[in-house]
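Trainee: I would like to go through this structure with you, one question at a time. Where shall we begin?

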Amino acid sequence: MSNIDYIIYTDGACIGNPGPGGWAAIIFNKKNGARIKKVGSELTTTNNRMEIVAIIEALKSIPENSKIDVFSDSKYVINGIKSWILTWKKNNWIGSNKKVVKNKDLWILLDDISSKLEIRWNWVKGHDGDKYNEEVDKLARNEACSI
């Protein structure tokens, strides 16, 4: 994919699981050089939910048909959106354990939003020195701690 319009780094955090959680995203607009931070929190949630919410909230502000590189340290999110979701949808949101897919509401929303964009999903190893991954991690943890 060439001519990327946006680069997005996201992360989610939770104190306890479930417990207070936070999410963060940094959005780089490659057209005008702008850098936007988005953060949020929930009183009772899980780490996986915060990981998905971070991406959803970032993508909500992106114009349709944009080309985006999304970076996340969550293998759950990256594997979920790149491969598992195809089977989940085919099986009416029932997972391999024969139960309704966890976080179905968020997966449906993420699938809908991402269908209007051209996204390259990238996994980045967490806590490994990637400057922007470290920044969103700190922002998400601060949000979780602020509740």
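Mentor: Start with a single residue, and keep in mind that this is a predicted model. His127 has a relative accessible area of 58%. The cut-off for exposed is over 50%, so His127 counts as exposed.

Trainee: Where does His127 lie, and which residues does His127 touch, not counting residues up to four places away in sequence?

Mentor: His127 sits in the loop that joins strand 5 to helix 4 (131-145). Its C-alpha atom is 28 Å from that of Ser2, and 125 residues along the chain separate the two. Leaving out residues up to four places away in sequence, His127 touches Asn133, Glu134 and Asp137.

Trainee: Is Asn103 buried or exposed?

Mentor: Asn103 is also a loop residue, located between helix 2 and helix 3. Its relative accessibility is 14%. Buried means under 20%, so Asn103 is buried.

Trainee: With which side chain does the side chain of Asn103 make a polar contact?

Mentor: Set aside the neighbours of Asn103 within four places in sequence. Its contacts are then Asn48, Arg49, Ile52 and Tyr76. A polar contact at 2.9 Å links the side chain of Asn103 to the side chain of one of these, Tyr76.

Trainee: In which sense do strand 1 and strand 4 pair?

Mentor: Look at Tyr9, which stands opposite Phe71 in strand 4. Strand 1 and strand 4 are joined over five bridges. The sense of their pairing is parallel.

Trainee: Why are the buried residues of helix 3 on the same side of the helix?

Mentor: The buried residues are Leu106, Trp107, Leu110, Ile113 and Ser114. They pack against helix 1, helix 2 and strand 5. They share one side of helix 3 because the arc they cover around the axis is only 130°.

Trainee: Which element gives the most to the largest nonpolar core?

Mentor: That core has 31 residues. Leu59, Ile68, Trp107, Leu110 and Trp121 have the most contacts inside it. Several elements supply at least two residues each, including strand 1 (6-14), strand 4 (67-72) and helix 3 (104-114). The biggest contribution, eight residues, comes from helix 1.

Trainee: Which residues does Leu110 touch, not counting residues up to four places away in sequence?

Mentor: Leu110 is among the residues with the most contacts inside the core. It is also a buried residue of helix 3. Residues up to four places away in sequence aside, Leu110 touches Ile52, Ile55, Ile56, Leu59, Ile81 and Trp121.

How values were computed:
Residues are numbered from 1 along each chain as its sequence is written. This is a predicted model: local features need pLDDT of at least 70, side-chain atom pairs count only at pLDDT 80 or more; totals for chains, interfaces and linings use all residues. Side-chain values use heavy atoms; hydrogens and water are left out. A nonpolar core is a set of buried Ala, Val, Leu, Ile, Met, Phe, Trp, Tyr and Cys residues joined through side-chain atoms within 4.5 Å. Buried means under 20% relative accessible area, exposed over 50%, partly exposed in between (1.4 Å probe, protein chains only). Contact means heavy atoms within 4.5 Å. A polar contact is a pair of N or O atoms within 3.5 Å; within protein, one must be able to donate a hydrogen and the other to accept it, and residues adjacent in sequence count only if both atoms are side-chain atoms. Two strands pair if DSSP finds at least two bridges between them. The arc is that of the directions from the helix axis to the C-beta atoms.
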